[in-house]
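Here is a short tour of how two chains meet, written for someone opening this model for the first time. Have the sequence and the structure at hand as you read.

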There are 2 protein chains.
Amino acid sequence: MPRPSAPSPRNGTAAPCVEEVDTSFLETLIGYNARRAALAVIDVFLERMAPYGLRPVDFSVLSLVAHNPGITSRQLCATLGILPPNLVGMVNALEQRELLARKPHPRDGRAMGLHLTPGGQKLVRDAEKTAAALEAEVGARLTAAELQTLLRLLKKVYGSD
Amino acid sequence: MPRPSAPSPRNGTAAPCVEEVDTSFLETLIGYNARRAALAVIDVFLERMAPYGLRPVDFSVLSLVAHNPGITSRQLCATLGILPPNLVGMVNALEQRELLARKPHPRDGRAMGLHLTPGGQKLVRDAEKTAAALEAEVGARLTAAELQTLLRLLKKVYGSD
DNA sequence: TATTGTTATACTCTATAACTATA
DNA sequence: TATAGTTATAGAGTATAACAATA
């Protein structure tokens, strides 16, 4: 590890080196901090969801279908910021695992409504419990009030207020 | 929220459909909200940095080199969570644009210290001003106190406290 | 004509293995 | 032996264009 100042006296034109990285400017940026926080939480999320064979995006899809039976691909895409071509494979995979099923939309022949199978419902129940537990765990670094504040401010930032 | 009740009276075994998507569960999760906030801010960041020819990661690299002259690739990678093989191309590109330069590390023959050129210094000054302005703009949805709180809580979440 | 779901495809980002030169 | 930087490459994630069926 480099040690510039004190020890080496003769330092005429020598290139400096860095002991401890100064990140103070980046740390003033919302984007930088929000991204780091998201990655930290999602890392843990990824581990805890592995036993269910779910990535974060799979969990999001299944959870939305659970709370919105009959939701269409288009609605899922708009909600999660996924592009339609990229959702197709995910839904196919979840359907092959018999976690969800496509059913004809009652009033739009073009669309397919998505529904959980009984197995999918059980999986989502368990996975949501795990997610809530993880949330409490990560939230242990914060007080309950801080957690509420954090969620409120984040929603303000991205406009869901 | 599913609303099977009011509009369609005869609804014997028909599959339900969704009027307005209920995201209330996902919105209780820190990861979901932090990711959405990060993406929203980074989207604007991407637009504003385009005139400088910088992606967010390029900005982060240049800003860190500016505030840490002589920083090594290894230190950059550790700070930004980038893998060494993926940093090489970025540094090469920035070096070819004559924004930064590799110089031999004063005490470790294996390492190269990174330094901004005069042109790089000017670009970073301008880009950081733009970033700060953007921050104030996004922060306009929040009060100054809320912004400080948000940054503090995010740092608590990812452990930089 | 516009929209839903889909295919094919390209591009970017991220991850792994292995090599070199120095320590 | 371990580490810094690099190369090559594989994989995941994200993007656009175009098509068939339906509105």
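## Where the two chains meet

Let's begin with the contact: chain B puts in 68 residues and chain A puts in 68 residues, where contact means heavy atoms within 4.5 Å. Keep in mind that this is a predicted model, in which local features need pLDDT of at least 70 and side-chain atom pairs count only at pLDDT 80 or more, while totals for chains, interfaces and linings use all residues. Residues are numbered from 1 along each chain as its sequence is written, chains are lettered from A in the order in which they are written, and side-chain values use heavy atoms, with hydrogens and water left out.

About 6,200 Å² is buried between chain B and chain A, with 67% of it on carbon and sulfur atoms. Buried area here is the accessible area (1.4 Å probe) that two parts lose on being put together, summed over both. On chain B's side, B:F25, B:I30 and B:Y158 lose the most area to chain A, together 11% of what that side buries.

Six salt bridges are counted between the chains (a side-chain nitrogen of Lys or Arg within 4 Å of a carboxyl oxygen of Asp or Glu). There is one between the side chains of A:R152 and B:E146, at 3.3 Å from N to O.

Which elements of chain B give two or more residues to the side that touches chain A? They are α1, α2 (56–67), α3 (73–80), β2 (100–104), α5 and α6 (144–158). Helices (H or I, at least four residues) and strands (E, at least two) are DSSP runs, numbered from the N terminus. The largest share, 13 residues, comes from α1(B).

## Helix against helix

Two packed helices are described by the angle between their axes and the distance between the axes. Axes are lines fitted to C-alpha atoms, for helices over the stretch in contact, and angles run from 0 to 180 degrees between N-to-C directions.

| Helix pair | Angle | Axis distance |
|---|---|---|
| α1(A) and α1(B) | about 145° | 8 Å |
| α6(A) and α6(B) | roughly 115° | within 10 Å |
| α1(B) and α5(B) | roughly 145° | within 10 Å |
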